[in-house]
Amino acid sequence: MKISYLLTAALLFAGTVQAETSDTGKASDTVLMVHHGAATEAGRSVAFSMEQLRALQQTTIVTTNEFVEKATSFSGPLLRDLVAEVAEDGDSTLTLTALNDYQVEMPIADSLDYDVIVALERDGAPMSVRENGPLWIIYPMTDHPELNDAVYSGRLVWQLVQIDVQP
Amino acid sequence: MTRFDRIRWLVFAVVIAGMAASVVALVGMRDGMREIGLENPNGPIWFTTGVEYDVARVEGTLTDFARGSAGQDEVALRFDILWSRLSQIGKGAAAQKLDGYDIDVTAYDDLRALLTRVEGQVATLDDVARREAFALADEFRAFLPGLRQISLATLDASAAEATGWRDRLLSVSDNSLILSGALGVGVLLLAFGFALESQHTRRELRLKKALLEEAQVADLAKTQFIAVVNHELRGPLSTLNSAIYALDISVGKDMPPKFVKLVRTARTGSAQLTSLVNDLLEADTYATGQSDYAFETAGLAELLKAQISVNQPYARAFGVEIVAEELDRDLRVDGDLRRLGQVVSNLLTNAAKFSNPGDKVSVSLKRVGGKVVLAVKDTGRGIPEALRERIFERFFQADDAPGRERSGIGLGIGLSIVRSVVEAHRGEVTFESTPGRGTTFFVRLPEAA
């Protein structure tokens, strides 16, 4: 698992502050970019607004994880449906990026083997940034005990803003 | 189980138990070590540095806002991200770990208080408040050294814990090393033991084989010797017999009585010698397994009568008379008549030999319990208790038997031949004997259908 967290932190302290274009106010604003290729490369991209994400088929998962205190209901589109928008044959890895530039890689296989969702709602209500929203990667950990492992907990990216689909 | 076996099993058990113990120790450590792995993105150290990072970004964004290069919405976003991180740090596995490290995290509480206090101010920042943002940035900046301390303390604690695990791992590894050494020594010992044992066994086997071969060679030599002796004896003996027979039948009334008596004595003696040599030959054929039988169905009474008259002269030489008591003429058996004749002859001469002068040896033939029973009874001195088990053995002689002095040569094979022949006829031979009162031999044979 590649983590560019420290690298990003170093860049920040060097004064390179990335400009953010997030305005979480309107439902039509872009909240998620699904991009083909490495984050820094040009490639085919699909932008999703909250409205568009809600229009996709929704899946509800009731699960616990390291970051919630009890079994909690999360719902949103399946990660694999979003990835399918840009994925090509031979793609195998996703790089997930959060609002604070936290990045983690996960194998595409995870999204095919398990019903991993990009949660839009927690207990039926949208999540604010303060509540780790608006988008949170959720694995069905209660239904699949083998997922209760630090490797998978590390992939529960909250405040998700970008998915890069790579070979 | 020998003492050696016990030691072997003990060594084996100790080695296995040691291996099991080290496996248990390693498995127990694995989970603990995974928890503190620095690569774990949810480990405590990532949380504490994450807070530092997000505070620095709030501070940086506030400074940018004050300089006019960032908007209020950007400040609000960074503020919310920091808020989410701070609320997360109070719960979950990482929070428990931090509690366990016993690190002073009051700076987090103070930071939470600051967020709550300036929340409204951040929400309402506008162009006229840009200078105010500098002061806010200073407030956030002031937290950075304290947060750094928390991170360093957490790093230290993690490192100390990792060192603890490493030490345990090292000690398990040391123990495993010692155990491996012990295992090696144990295996060597076991192998050495096996090698010694197998060498010992091989030596014993060789010895036994050599002894067996020696015994077989000796036995073969003996058998061959007997065969040669037989052959060498029978030639002259048959010449002697013919000559004495010719003498006997040509004895006339004009011969002196002393001469006649001498001829009779010579005839008895040569008959006895012939019988002995025949016994010897029979014993030899039994020993080499070459004996074969010609079975036919015949009455035993005739055979008994013939043998009585043949052996009568021999018995009379001991002053003993053989008498037929009760001979059932209807009893028939499937048998080799020549061999059965030998059985009867041996029993009669034996009985005569061990009788007292003037005694009678009585012979009877009856059917008892569906079997043909031939009995030869004498009133001699009987068989001593101590010798009863052995009288059917080949070459066995009651050495102190006074009978031997009177019987001349005895080979000690007569009864062994009796038993062999009777058993070859699916019969059995037994005896009843009372010391000083006499012996009766019983031969039981199946009756012919």
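**Rings, helices and backbone in a predicted model**

User: Where does the charged end of B:Arg130 sit?
Analyst: This is a predicted model. In it, the charged end of B:Arg130 sits over the ring of B:Phe65, 4.5 Å from its centre.

User: And A:Arg130, what does that one lie over?
Analyst: A:Arg130 lies over the face of B:Trp83. The distance to the ring centre is 3.8 Å.

User: Now ring pairs. How many aromatic pairs are there over all chains?
Analyst: The count comes to nine aromatic pairs over all chains. Take B:Tyr314 and B:Phe318: their ring centres are 5.2 Å apart and the planes are at 65 degrees, so this pair is edge-to-face.

User: Is B:Tyr314 buried or exposed? What about B:Phe318?
Analyst: B:Tyr314 has 11% relative accessibility, so it counts as buried. B:Phe318 has 10%, so it counts as buried too.

User: What kind of pair do B:Phe431 and B:Phe441 make?
Analyst: A tilted one, because the planes are at 45 degrees; the centres are 5.6 Å apart. B:Phe431 is in strand E6 (residues 428–434) of chain B, and B:Phe441 is in strand E7 (residues 438–446) of chain B. The two are ten residues apart. Both B:Phe431 and B:Phe441 are buried.

User: Which residues form an aromatic cluster in chain A?
Analyst: A:Phe67, A:Phe74, A:Trp136 and A:Trp158 form one.

User: Switching to helices. At what angle do the axes of H5(B) and H6(B) cross?
Analyst: Roughly 165 degrees, and the axes come within 11 Å. That angle is over 145, so H5(B) is roughly antiparallel to H6(B). The crossing is left-handed.

User: Which residues meet there?
Analyst: From H5(B), they include B:Leu111, B:Leu114 and B:Val118. From H6(B), they include B:Leu136, B:Phe140 and B:Phe143.

User: Backbone next. What kind of peptide bond joins A:Gly133 and A:Pro134?
Analyst: A cis bond, with omega about 5 degrees. A:Pro134 is in the loop between strand E9 (125–126) and strand E10 (136–138) of chain A.

User: Why point that out?
Analyst: Because most peptide bonds are trans. Likewise, most residues other than glycine have a negative phi.

User: So which phi value does A:Gln159 have?
Analyst: A positive one, near 55 degrees. A:Gln159 is in the loop between helix H5 (150–153) and strand E11 (160–166) of chain A. At 1% relative accessibility, A:Gln159 counts as buried.

User: What about phi of B:Arg426? Is that residue buried or exposed?
Analyst: Phi of B:Arg426 is positive, near 60 degrees. B:Arg426 has 65% relative accessibility, so it counts as exposed. Its place is the loop between helix H11 (414–424) and E6 of chain B.

Technical notes. Residues are numbered from 1 along each chain as its sequence is written. Chains are lettered from A and ligands numbered from 1 in the order in which they are written. This is a predicted model: local features need pLDDT of at least 70, side-chain atom pairs count only at pLDDT 80 or more; totals for chains, interfaces and linings use all residues. Side-chain values use heavy atoms; hydrogens and water are left out. Rings of Phe, Tyr and Trp (its six-membered ring) pair if their centres lie within 6.5 Å; planes under 30 degrees apart count as stacked, over 60 as edge-to-face and the rest as tilted. Buried means under 20% relative accessible area, exposed over 50%, partly exposed in between (1.4 Å probe, protein chains only). Helices (H or I, at least four residues) and strands (E, at least two) are DSSP runs, numbered from the N terminus. A charge sits over a ring if NZ of Lys or CZ of Arg is within 6 Å of the ring centre and within 35 degrees of the ring normal. Axes are lines fitted to C-alpha atoms, for helices over the stretch in contact, and angles run from 0 to 180 degrees between N-to-C directions. Angles under 35 degrees count as roughly parallel, over 145 as roughly antiparallel, 65 to 115 as roughly perpendicular and the rest as oblique. A crossing is left-handed if the near helix is turned anticlockwise from the far one by less than a right angle, and right-handed if clockwise. Contact means heavy atoms within 4.5 Å.
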